[in-house]
Amino acid sequence: MFGGCGASGPLNDTWEFIAGNWTNLGLTFHPAARFGMAMAYGAGNSSTVPPPVPTGAGLIALFGGCEVASTGCGGAGASGAVNDTWLLYKGAWHLAILGSSCNTVVVCPSPRYLMGGTPFNPPSGTLHSWGLLMYGGAGPGGIILGNASEVKGGDWFFSASSNPASWAQVTSLPNYLSTAPNTTSSGWYGPAPVGPPVPRYDPNFVGNLMDGATLFGGSSASGSSLGDTWATADFGSILYSGLFWPPPAPSAQYGGTMVYDALNGYDVLFGGCGNHCANASIWSFTAHQWMPWSEVTPAASSAARFPAGRLNASMIYFNQAGTGHARQQSVVLFGGLASNGTLLGDTWNYSNGKWTNLTSTIGFSPSPRESAAFAYNGSGTVDYAVLFGGRNSTAILADTWLLTWSGATQSWSWALQTTPSEPSGLLAGRYGAVMTYDARDGEVVLFGGCGSTCPLGDTWSYVGGTTWSECSSTSCTTHGPSARWGAAMTFDVYDNFVVMYGGCGVTCPLGDTWKFYADTWTQLTPTTSPPARYNAAFSYDLAGDFAFLVGGIGTQGKVLGEMGWAFQVNDWTVGTLTNQFPRTPVPSPRFGASLAYNTTGGYVLLFGGCQFTSFGGCGPLANQADTWEYSNGMWTELCSNCGPSARWDASLVFVLPTSSEGYFLLVGGCPAVSSTCSPAHVLDDVWKFSGTSWVLLTSTPGFGARADASMAFDPSVGAGGGEVVIFGGIGNPPPGGTGVWDNCYRLSLGTGTWSSVTVASGLSGRFGAASTFDTATHDILLFGGEASGGSVDSDTWTFTTGGVWTQVHPTSSPPPLFDESMAYDAFDGYVLLFGGASTGGLLKLANWTFSGSVTWTQIHPAASPGARWGAEMMFDPDAGPNGFTVLFGGSAERNGWVSGTATEAAAGPGLGDTWQYLGEPIPTGTPDWTELSLYG
């Protein structure tokens with residue numbers, strides 16, 4: 001082990017671990033102190049740097065890292081990132097390649113840290129071909145590495161056995177192969193990402209036994225965690241295979257509690273211990289859904305209104321009618337053990353997605369405890385929940401409590417039934433017992449646990465809310481289940497008996513299945529069974545008609561976390577619960593969203609939008625200003641209601657100043673409280689998004705509130721890294737205006753100030769015009785738009801480096817359009833235009849390209865998205881070997897300027913489909929649109 005970051009900063013010590021002992025080698029010649037480097041062990045030969053290394057001898061290769069313990073490895077410039085290569089052989093470090101000689105004397109990767117590195121044997125399969133394979137990382141300027149260009153990093157391979165030892169960039173990427181099976185094959189189904197993997201840092205990267213390597217996760221340029229899995233196959237071409245990410249599901253856990261919520265028709269799983277011990281997460285499981293698990297976000301205004309995270313709590317579903325009153329249907333939670341070891345004694349009610357703390361209003365309650373048995377008696381005549389025993393920090397408890405609901409007073413109450421002692425002949429105190437209501441026999445059944453003797457194997461029933469009775473038949477004693485604690489038990493409605501599985505006894509864990517019927521225990525012999533476990537969550541799912549088991553602790557202490565096991569008709573199955581059709585989170589359908597591409601982070605950002613409703617509003621989006629990232633064929637929600645107010649038709653660009661890291665700039669928009677956009681109510685603010693959070697720059701930029709304006713970033717002009725240009729839009733000009741702006745402003749990144757730009761004669765005021773920056777000509781291109789009187793334009797304009805608007809007169813042109821979509825394809829060198837609305841609001845199914853500064857060409861793809869306006873489109877150069885254009889949403893029904901009211905109105909619902917344009921250079925290639933099968 002070498003280096004890392006300690007309390008005093010980066011370290012440079014070298015340690016050896018042998019036979020359970022660490023030894024500091026105390027080397028005086030070594031790499032400079034650093035962290036985040038790539039290291040790998042393998043074999044070299046005599047051609048390696050001096051001293052000569054025998055063929056097949058073991059050595060360690062080290063590359064790069066960060067030598068500065070500060071945010072971003074030295075700030076925006078990442079000045080602490082290095083790119084020297086070292087070898088450790090026979091307890092001594094040797095400098096193989098000096099960083100200053102990289103790319104002048106020898107070829108090697110650019111400086112970086114937090115990259116993925118793995119020892120790797122290419123398919124040639126000999127020791128002499130061993131080396132270090134590396135992917136991604138963070139480099140100078142804060143850039144996140146990971147595509148096939150030298151500027152951003154890509155795949156690199158270091159051969160410790162070449163002559164001399166050397167780096168080679170793996171640039172042969174002729175194909176991006178997906179092995180994601182289709183619906184008729186085993187395994188996961190879903191849209192395979194287009195390779196290579198999105199740029200990332202701090203991923204998991206390891207060689208495998210199939211002459212390849214596996215890459216998982218990491219962090220994207222925006223700081224969001226990635227969950228995609230990739231594998232390399234043939235090293236000669238690095239064929240990336242998108243192994244489709246698994247569906248949402250709870251992490252592996254034990255000590256959680258689960259009940260079936262009959263009101264909402266799903267199982268509720270709360271808390272437990274796993275990756276985060278005593279977590280407070282809530283998951284619902286809905287049978288036979290494409291995405292059966294869903295994490296629930298309770299509707300509460302503050303964290304204090306949620307139960308603290310816990311394990312070994314007691315939870316039941318309460319379903320009492322109450323004479324003459326509405327039925328009480330809710331989940332009730334009591335007690336448990338907090339993550340800091342505190343015993344809890346609070347009582348909570350969970351109903352319709354909201355937690356309510358009953359502790360202060362319920363009065364006299366059980367003392368704090370964990371691992372108490374809890375069950376609901378739903379006989380219909382005497383409805384109550386019974387809680388028994390558990391343990392606190394000093395004692396094992398034997399008290400019995402009843403929880404009841406009064407429909408008359410609309411209140412809960414606890415009542416103590418016995419004293420917390422263990423009198424002779426009565427149910428002994430215990431914890432870890434299992435208990436459920438036997439609907440067939442009308443009694444609460446309790447089994448096992450741990451008391452003064454551990455484990456216990458007795459069976460008890462509680463009837464009528466008064467007495468406990470022990471089952472003394474031979475089936476409950478000599479022929480019953482073995483003594484155990486931590487078992488799983490529920491009443492199987494379909495099979496009409498109590499079912500119990502697993503637990504921990506003399507043998508631990510157990511994997512046997514028992515039924516309790518007519519006060520008789522019988523061991524079942526299912527054809528398949530879950531892996532043995534204890535402390536699992538278990539409940540009966542009325543919607544799916546099966547008993548559902550999830551989580552627990554298995555053999556050798558492994559915390560289990562499979563999708564779940566179903567028990568029905570005396571048998572277990574897991575296949576019907578495994579999500580073979582995983583959905584990925586996707587933005588809800590919408591139009592008028594804002595979209596821009598992060599040129600350094602390698603992802604597309606989406607913000608806001610409107611979902612038309614029959615009431616004239618934006619639907620759920622009126623209250624949710626969500627922010628999404630699109631990369632590698634996958635949408636990821638970054639945050640919700642974390643900055644700008646909900647809006648649609650806002651203008652968004654990504655800018656890259658020379659003095660700081662890049663960021664997104666958002667201007668104005670239409671308030672999402674309505675799906676009509678009145679000039680008098682458009683927004684007047686400017687926001688910045690740096691990849692992690694939104695920041696308000698100004699609430700009054702000085703050039704007037706506007707929406708549906710044309711805005712683009714020109715990186716080629718002005719001091720400070722370029723300028724932003726905004727033109728037109730819906731607004732509220734001075735008296736005598738038309739409700740549409742005809743002015744233009746530019747923002748200099750060098751000065752941070754907006755200034756007015758003279759508009760050429762003929763460039764009339766308009767909104768909904770499409771614009772983008774053309775990298776080939778270094779001009780901003782603008783097309784179409786709608787004027788205040790309802791006329792729609794078909795003119796083409798460029799904004800040149802000198803700050804002058806110039807009309808272009810192509811020989812052919814798209815028809816008059818507004819709210820069309822436009823993006824520049826940097827690989828193939830043309831502007832792509834799609835869709836839009838025309839005079840009278842009629843839609844036009846339009847696919848056009850613009851190249852050479854003078855020519856529009858209509859194209860006819862084999863497949864195409866449906867006609868729409870208000871869709872968002874952006875080119876992603878980091879997707880696939882040549883990048884592709886991404887299109888999302890829009891509306892398939894017309895909108896337009898409402899004559900006489902000076903208002904832009906939406907008349908149709910938003911769309912939620914995502915498309916990729918996989919065109920080749922025009923006109924030689926065959927352009928085509930492909931819809932991504934993203935299930936939301």
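**Charged pairs and rings**

Analyst: D685 and R647 form a salt bridge, with the closest N and O atoms 2.8 Å apart. A salt bridge here is a side-chain nitrogen of Lys or Arg within 4 Å of a carboxyl oxygen of Asp or Glu. The pair links distant parts of the chain, 38 residues apart: D685 is in the loop between β54 (676-677) and β55 (686-689), and R647 is in strand β50 (residues 647-648). Strands (E, at least two residues) and helices (H or I, at least four) are DSSP runs, numbered from the N terminus.

User: Are D685 and R647 buried or exposed?

Analyst: D685 is buried, and so is R647. Buried means under 20% relative accessible area, exposed means over 50%, and partly exposed is in between (1.4 Å probe, protein chains only).

User: What kind of model is this, and how are residues numbered?

Analyst: This is a predicted model, with residues numbered from 1 along each chain as its sequence is written. Local features need pLDDT of at least 70 and side-chain atom pairs count only at pLDDT 80 or more, while totals for chains, interfaces and linings use all residues; side-chain values use heavy atoms, leaving out hydrogens and water.

User: OK, zoom out. How many helices and strands does the chain have?

Analyst: The chain has one helix and 76 strands. It has 936 residues, of which 55% count as buried.

User: Back to charges. How many salt bridges does the structure hold?

Analyst: The structure holds 13 salt bridges. One of them joins the side chains of R391 and E370, at 3.3 Å from N to O. R391 lies in strand β31 (residues 384-391) and E370 in the loop between α1 (359-362) and β30 (373-377), so the pair ties together parts that are 21 residues apart in sequence.

User: And how accessible is R391, and how accessible is E370?

Analyst: R391 has 28% relative accessibility and counts as partly exposed. E370 is at 8% and counts as buried.

User: What about R440, which residue does it form a salt bridge with?

Analyst: R440 forms one with D441, the closest N and O atoms being 2.4 Å apart. D441 is partly exposed at 27% relative accessibility, and R440 is partly exposed at 35%. The charged end of R440 also sits over the ring of Y517, 4.2 Å from its centre. That label requires NZ of Lys or CZ of Arg within 6 Å of the ring centre and within 35 degrees of the ring normal.

User: What else lies over the face of Y517?

Analyst: K515 does, at 5.8 Å from the ring centre.

User: New topic: how many aromatic pairs are there?

Analyst: A search of the whole structure finds 44. Rings of Phe, Tyr and Trp (its six-membered ring) pair if their centres lie within 6.5 Å; planes under 30 degrees apart count as stacked, over 60 as edge-to-face and the rest as tilted. F2 and W93 make an edge-to-face pair, 5.4 Å centre to centre with 65° between the planes. F2 is in the segment before β1 (5-6) and W93 in strand β8 (residues 92-97), 91 residues apart.

User: Where does W86 come in?

Analyst: The ring centres of W86 and W93 are 6.4 Å apart and their planes are at 85°, so that pair is edge-to-face. W86 is buried at 6%, W93 is buried at 3%, and F2 is buried at 3%.

User: Which rings are linked into a cluster?

Analyst: Ring pairs link Y603, F607, F654, F664, F689 and W694.
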